[in-house]
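Hello,

Here is the structure I promised to pass on. Please open it first, then read my notes below.

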Amino acid sequence: MTSESPDPGTVRPGGRTARVRSAVLRAAGDALAEHGLAGLDLTDVARRAEAGRTTVYRRWGTPANLVADLLTDMAEQSLPRTETGTLIGDLRANARLVQRTLADPRQGALFRAVIAAATCDAQAATALRRFYDIRVAEWEPCVRQAVERGELPAGTDTREVVRAVSAPLYYRLLTTDEPLDEAAADRAAQAAAAAARAGVFASA
C-alpha cells in the first residue's frame, strides 16, 4: 500500500459506502464474538453483511485489517465520558460503563476475541492499543479536574488512574466466571480512587 492509499476500510462519511462499512463491521463483530479471530473469514463476513465478496476483499483484504477497522469504529462509537463533579462519581461512571460493555453477551465475547487476537497478531495488537488510548484519553479530564479541585495530589498520572478503574473488570472477564455486576464496578472505582488519593499514582 502506498502512502497515498487510504487505510483499509477508510471511507467518506454517509452514503452507500458508509452503509456497507457499517454492515460489514457489524457482521465482523458478530463473527468474532462467535468464532474468534481463527474463525473470521471475509467471505462469511460478506455473506452476513449481504455485501459483495469482491468489495469486502478489495476494501479490507485480510481479517487483521478488518479487526483493525472494527476497533477504530468501536472507539469512535463509544459513549462520551460522564462528569459528576466528584472523583468517585466520575470513576464510578467510567467503571459502570466498562462493566455494562463487558457483561453484555455479545460485547464481552467480542472483547475476549479481540484481546486473544492481539496476543498473536501485531496489527490487531496495534489496533487494540489505539482503541484503549482513545478511551483512556476520553476519561483523563475527569482525573485532571480532580487534581485541580484538590481531591488528588499534584503530579497524579491521570492515565494510570483511568486504567486502574477498568483493569479489575477485564481481569474478572478473562480469568474468572464471577459475575461482572455493578458491585464489581463500584469496588474497582473505589479502589482506584483510594489509591489515587493516597498518592500511589503521583510522580515521585
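What share of the 204 residues of the chain count as buried? The figure is 43%. Keep in mind that this is a predicted model.

**The overall fold**

The chain has nine helices and zero strands. Read from the N terminus, the order is α-α-α-α-α-α-α-α-α. Along the principal axes, the C-alpha atoms fill a box of roughly 55 × 40 × 30 Å. I also looked at contacts between residues at least 6 apart in sequence. Of these, 66% join residues at least 24 apart.

**Helix α5**

Start with α5, residues 87–103. This helix has 17 residues. From first C-alpha to last, α5 reaches 24 Å, close to the 24 Å expected at 1.5 Å a residue.

The buried residues of α5 are Leu87, Gly89, Asp90, Leu91, Ala93, Asn94, Ala95, Leu97, Val98, Gln99 and Leu102. They pack against four helices: α6 (105–118), α7 (122–148), α8 (158–175) and α9 (182–197). When you look at such a list, remember one rule. An α-helix has 3.6 residues a turn, so residues three or four places apart point the same way.

Now look at the N-terminal end of α5. Thr86 caps it. A side-chain oxygen of Thr86 lies 3.0 Å from the backbone nitrogen of Gly89.

**Asp186**

Next, go to helix α9 and find Asp186. Is Asp186 buried or exposed? Its relative accessible area is 15%, so Asp186 counts as buried: the cut-off is under 20%. Set aside the neighbours within four places in sequence, and Asp186 is in contact with Arg92 and Arg96.

**Pocket and cavity**

Empty space is worth a check too. Rolling a probe the size of a water molecule over the atoms shows where empty space is left.

The largest pocket has a volume of about 940 Å³. It is lined by 36 residues, and the closest to its centre are Met74, Ser78, Phe111, Phe131 and Arg135. The largest share, nine residues, comes from α7. By class, the pocket lining has 20 nonpolar, seven polar and nine charged residues.

How many cavities of 30 Å³ or more does the structure hold? It holds one. The largest cavity has a volume of about 40 Å³. Its lining is made of Ala68, Leu71, Thr72, Ala75, Ala127, Arg130, Phe131 and Ile134. Both α4 and α7 supply at least two residues of that lining. By class, the cavity lining has six nonpolar, one polar and one charged residues.

**Glu50**

One last stop. Glu50 sits in the loop between α2 (42–49) and α3 (53–59). Its phi is near 55°, a positive value in a residue other than glycine. Most residues other than glycine have a negative phi, and most peptide bonds are trans. Why does Glu50 count as exposed? Its relative accessibility is 77%, and exposed means over 50%.

Best wishes

Note on methods. Residues are numbered from 1 along each chain as its sequence is written. This is a predicted model: local features need pLDDT of at least 70, side-chain atom pairs count only at pLDDT 80 or more; totals for chains, interfaces and linings use all residues. Side-chain values use heavy atoms; hydrogens and water are left out. The expected span of a helix is 1.5 Å times one less than its number of residues. Buried means under 20% relative accessible area, exposed over 50%, partly exposed in between (1.4 Å probe, protein chains only). Contact means heavy atoms within 4.5 Å. A polar contact is a pair of N or O atoms within 3.5 Å; within protein, one must be able to donate a hydrogen and the other to accept it, and residues adjacent in sequence count only if both atoms are side-chain atoms. On a 1 Å grid over the protein atoms alone, a cavity is a set of points where a 1.4 Å probe fits but cannot get out, and a pocket is an open set with protein on both sides within 12 Å along at least five of seven lines; lining residues have an atom within 4 Å of a point. Grid points are joined across faces, edges and corners, and a volume is the space filled by probe spheres set on the points. Ala, Val, Leu, Ile, Met, Phe, Trp, Tyr, Cys and Pro count as nonpolar, Asp, Glu, Lys and Arg as charged, and the others, Gly among them, as polar.
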